[in-house]
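Have the viewer open and follow along.

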Amino acid sequence: MSLELRSQPEPLAQAVEEPYYLPSGDEVSIFEQCHARDLAVMLKGPTGCGKTRFVEYMAWRLGRPLVTISCHDDLTASDLVGRFLIHREGTVWQDGPLTRAVREGAICYLDEVVEARQDTVVVLHSLTDHRRMLSIDKTGETLKAAPGFQLVISYNPGYQRMLKDLKPSTRQRFVAMELAFPPPEREAAIVERESGVDRDVAHELVALAGRIRALRDRGLAEVPSTRLLIAAAALVRGGVPIRNACRAAIVSPLTDDESLGAALRDLVDAMFV
Ligand SMILES: Nc1ncnc2c1ncn2[C@@H]1O[C@H](COP(=O)(O)OP(=O)(O)O)[C@@H](O)[C@H]1O
Ligand SMILES: [Mg+2]
């Protein structure tokens, strides 16, 4: 790719195909209201409960392009905003993903935002108030977000992060929506649809998840997500016996603890005799 192309990339595209998303409550209409009112959204919920899928669906529904950024320790403000690239004839400015979303009126989704450092998160602040501005220090440019731009962050409040948490000054800039695992009927429908497994098997897996989720306070740091149930169902669909599928896709990913693992395997064996 030439530098000229990089400095003037193709416009962001919106999804053509409707992502499958089964709502659990009124999250679709609340998100639509936030979008219409230029409010930034924080999605709170456990890993694998459908946050990313929900944002993909909403971007499609609202007819906006989606820019997704997975946050991590090393993510810098420049990674979000952009940087100068050295070129034979000089330097070329390249917009980062956040800047592109601001210019083009995209939905910008920062996944697992607590993984990012505070000095990185701070660049979001001016975009979340009524000014909706992004200042690019390195170019001296100040951008006003294009209509349709919306900031969405996700956050898993279950993790025990003593040092890593969102600062109140950041949190209070977002409308928070809590997404939980869907009610059993709906979760079974999702597992069935995503894996192609029989309805009965989908219900059994959801029932198992319900029993394991009830153990949360007994030493299980993470409980089985909808994503893990879909993985187990996919194995069953591929011909793996259900007990083995549950061990491989549900029990093992959840714990390395020997006795906890044994207790979960017993639970699986008791449910699928
Ligand atoms: N409400 C839902 N409708 C459709 N699919 C869902 C829903 N919730 C979860 N899923 C399924 O679970 C998987 C994991 O969800 P994802 O959005 O990646 O979770 P998160 O971003 O919260 O970790 C998705 O790929 C999708 O297959
Ligand atoms: Mg996600």
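What follows is a short tour of the chain, from overall figures down to single residues.

This is a predicted model, so to speak of local features pLDDT has to be at least 70 and side-chain atom pairs count only at pLDDT 80 or more, while totals for chains, interfaces and linings use all residues. On bookkeeping, residues are numbered from 1 along each chain as its sequence is written, chains are lettered from A and ligands numbered from 1 in the order in which they are written, and side-chain values use heavy atoms, with hydrogens and water left out.

**The chain as a whole**

- The chain has 13 helices and nine strands; these are DSSP runs, with helices being H or I of at least four residues and strands E of at least two, numbered from the N terminus.
- Along the principal axes, the C-alpha atoms fill a box of roughly 70 × 40 × 40 Å.
- Of the 273 residues, 45% count as buried, where buried means under 20% relative accessible area, exposed means over 50% and partly exposed is in between (1.4 Å probe, protein chains only).
- Among contacts with a separation of 6 or more, 73% come from residues 24 or more positions apart; a contact means heavy atoms within 4.5 Å.
- The accessible surface is about 14200 Å², and 51% of that belongs to carbon and sulfur atoms; the areas come from the Shrake-Rupley method with a 1.4 Å probe, and for residues only the protein chains shown count as cover.
- There are 33 positive and 38 negative charges, and their mean positions are 3 Å apart. Lys and Arg count as positive, Asp and Glu as negative, and His and the chain ends are not counted; each charge is placed at NZ of Lys, CZ of Arg, CG of Asp or CD of Glu.

**Aromatic pairs**

- You'll find five aromatic pairs in the structure. Rings of Phe, Tyr and Trp (its six-membered ring) pair if their centres lie within 6.5 Å, and planes under 30 degrees apart count as stacked, over 60 as edge-to-face and the rest as tilted.
- Tyrosine 21 and phenylalanine 54 make a tilted pair, with 5.1 Å centre to centre and 45° between the planes. Tyrosine 21 is in the loop between α1 (3-7) and α2 (27-36), and phenylalanine 54 is in helix α3 (residues 51-62), so this pair ties together parts that are 33 residues apart in sequence.
- Both partners are buried: tyrosine 21 at 15% relative accessibility and phenylalanine 54 at 0%.
- Phenylalanine 31 and phenylalanine 54 have ring centres 5.5 Å apart and planes at 85°, so that pair is edge-to-face. Because phenylalanine 31 lies in helix α2 and phenylalanine 54 in helix α3, the pair ties together parts that are 23 residues apart in sequence.
- Phenylalanine 31 is buried too, with a relative accessible area of 0%.
- Zoom out a bit and ring pairs link Tyr21, Phe31, Phe54, Tyr57 and Trp60 into a cluster.

**Charges over rings**

- Arginine 193 has its charged end over the ring of tyrosine 20, 4.2 Å from the ring centre. The criterion is NZ of Lys or CZ of Arg within 6 Å of the ring centre and within 35 degrees of the ring normal.
- Likewise, the charged end of arginine 213 sits over the ring of phenylalanine 181, 3.8 Å from its centre.

**Two buried valines**

- Valine 102 belongs to helix α5 (residues 97-104) and is buried, at a relative accessible area of 0%.
- Not counting residues up to four places away in sequence, valine 102 touches Leu127, Leu134, Leu143, Lys144, Ala145, Ala146 and Phe149.
- Valine 236 is in helix α11 (residues 226-237) and counts as buried at 17% relative accessibility.
- Setting aside neighbours within four places in sequence, valine 236 is in contact with Val197, Val201, Ile242 and Ala245.

**Positive phi**

- As background, most residues other than glycine have a negative phi.
- Aspartate 38 has a positive phi, near 60°; this residue is in the loop between α2 and β1 (41-44) and is partly exposed at 40% relative accessibility.
- Arginine 132 isn't a glycine either, yet its phi is positive at about 50°. Arginine 132 is in the loop between α7 (125-128) and β6 (133-136) and counts as buried, at 7% relative accessibility.
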